[in-house]
Amino acid sequence: MFLLVASAIFLILGIILAPVLGGDTNGMYDRPQSEYVLMLVQCILGVIAMLMPNVISRKFRLHMLFLYTY
């Protein structure tokens, strides 16, 4: 979870600093801004997917059974 949030912060900075259509004059960014937006959406969906089992179990009062044991 920490790595996804850290990646999202990095991607937000990439969105702010990257060129809109590519062609960066100083060569700092290899990707255009649209690719950073797509990666940010993927990180957000990953965080949501990680939180969903907890939300579902609380909402419907279900006990999720996992395949591993402690």
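Author: Ile15 counts as buried because its relative accessibility is 18%, where buried means under 20% relative accessible area, exposed over 50% and partly exposed in between, with a 1.4 Å probe and protein chains only. The model is predicted, so local features need pLDDT of at least 70 and side-chain atom pairs count only at pLDDT 80 or more, while totals for chains, interfaces and linings use all residues. Residues are numbered from 1 along each chain as its sequence is written, and side-chain values use heavy atoms, leaving out hydrogens and water.

Ile15 lies in helix α1, a helix being a DSSP run of H or I with at least four residues, numbered from the N terminus. Leaving aside residues up to four places away in sequence, Ile15 touches Gln33, Tyr36, Val37 and Leu40, where contact means heavy atoms within 4.5 Å. Of these, Val37 is 22 residues from Ile15 in sequence, yet the two are 6.5 Å apart in space, C-alpha to C-alpha.

Ile15 also belongs to the largest nonpolar core, which has seven residues, the others being Ala8, Leu11, Ala18, Tyr36, Leu40 and Cys43; such a core is a set of buried Ala, Val, Leu, Ile, Met, Phe, Trp, Tyr and Cys residues joined through side-chain atoms within 4.5 Å. Helices α1 and α2 each supply at least two residues of this core. Leu11, another core member, touches Tyr36, Met39, Leu40 and Cys43, again not counting residues up to four places away in sequence.
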